[in-house]
Amino acid sequence: MNSVPVLNGANFKDWKENILIVLGCMDLDLALRMEQPPSPTDSTTPEEKKNYEKWDRSNRMSLMIIKRGIPEAFRGTISEEITSAKDFLAEIEKRFAKSDKAETSTLLQSLISIKYKGKGNIREYIMEMSNIASKLKALKLDLSDDLLVHLVLISLPAQFGQFKISYNCQKEKWSLNELISYCVQEEERMKQDKTESAHLASTSKSKGKRKKYKDIKNEADEGPIQKKQNKGNDCFFCKMTGHAKKECAKYHAWRAKKGLPELPKAK
């Protein structure tokens, strides 16, 4: 019977739910749903006797499965006089009873401090917050939908800033289902914008690389002769083009002013 869940003390409620599911699927949960019928007597009708036998089998099988799913140390703490599977389960529950105040405080702290990191699925994130609110409701701390909507919006990251402003500017209030729908749409929009921005950046970068390559290619096409000609036609003194420094009238005038000897004339 490998499908029987084993109690490890981490969460009794989850273990109990799993046990009930297993017994229900095996059609053995009758003893947990109905009180024990009277033991058969000489005046018991065949129908009543059949019902008792059915309950008795359910009780015995349920008791064996429940005992198999708990550590051996726990079995010894429960009186052997308890022969009802329903009562046996109730006794186990007492061993794992928690303070409602402590559990409420833990769940409330979790609900207030939880933050959406922008990764994963925002629908699942909001449903997780709703699940915590449901557990608080079971502990008699009922949070209104309006409060839960505000808690969800507060927990969203800065990327949803404009989205939150839009909600605060509206007169209408959103239900939790409407909030989930709008948040999913907003997240999809932001993902699409991010993809388009990345594509534009990649395109601009590619164009810049092509332009740079074109400029380098044009310079290479000019060849060493063209570069040499351009260099010889530039005057390094007056920064004008069309003549070399040794042919520059301003350069000759400057040399004469400084008392420097004249340059030999080109033959």
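Biologist: How long is the polar contact that joins the side chains of E91 and K94?
Modeller: This is a predicted model, in which local features need pLDDT of at least 70, side-chain atom pairs count only at pLDDT 80 or more, and totals for chains, interfaces and linings use all residues. Residues are numbered from 1 along each chain as its sequence is written, and side-chain values use heavy atoms, with hydrogens and water left out. A polar contact is a pair of N or O atoms within 3.5 Å; within protein, one must be able to donate a hydrogen and the other to accept it, and residues adjacent in sequence count only if both atoms are side-chain atoms. For the side chains of E91 and K94, the polar contact comes to 3.1 Å.

Biologist: What does K94 form with E91?
Modeller: Side chains of opposite charge can pair when their charged atoms come close. The test is a side-chain nitrogen of Lys or Arg within 4 Å of a carboxyl oxygen of Asp or Glu. The closest N and O atoms of K94 and E91 are 3.1 Å apart, so the pair forms a salt bridge.

Biologist: Which helix holds both K94 and E91?
Modeller: Helices (H or I, at least four residues) and strands (E, at least two) are DSSP runs, numbered from the N terminus. E91 lies in the run covering residues 85-95. K94 and E91 are three residues apart there, separated by about one helical turn, in helix α5.

Biologist: Is E91 buried or exposed?
Modeller: Buried means under 20% relative accessible area, exposed over 50%, and partly exposed in between (1.4 Å probe, protein chains only). K94, at 55%, is exposed. E91 has a relative accessible area of 19%, so E91 is buried.

Biologist: Which residues does E91 touch, not counting residues up to four places away in sequence?
Modeller: Contact means heavy atoms within 4.5 Å. With residues up to four places away in sequence set aside, E91 touches I78 and I82.

Biologist: How many residues apart in sequence are the parts that D146 and K173 tie together?
Modeller: D146 forms a salt bridge with K173, with closest N and O atoms 3.5 Å apart. D146 sits in helix α8 (residues 145-155) and K173 in the loop between α9 (161-168) and α10 (176-232), so the parts tied together are apart in sequence by 27 residues.

Biologist: Is R189 buried or partly exposed?
Modeller: R189 meets E186 in a salt bridge of 2.7 Å, N to O. The two are three residues apart in helix α10, about one helical turn. E186 is buried at 12%. R189 has 38% relative accessibility, so it counts as partly exposed.

Biologist: How many disulfides does a search of the whole structure find?
Modeller: A disulfide is a pair of cysteine sulfur atoms within 2.5 Å. The search of the whole structure finds zero.

Biologist: How far away is the nearest cysteine sulfur to C235, that of C238?
Modeller: C235 is in no disulfide. C235 is buried at 3% relative accessibility, and C238 is buried at 18%.

Biologist: How many helices does the secondary structure of the chain come to?
Modeller: Buried residues make up 28% of the 267 residues. Among contacts between residues at least 6 apart in sequence, 51% join residues at least 24 apart. There are zero strands, and the helices come to 11.
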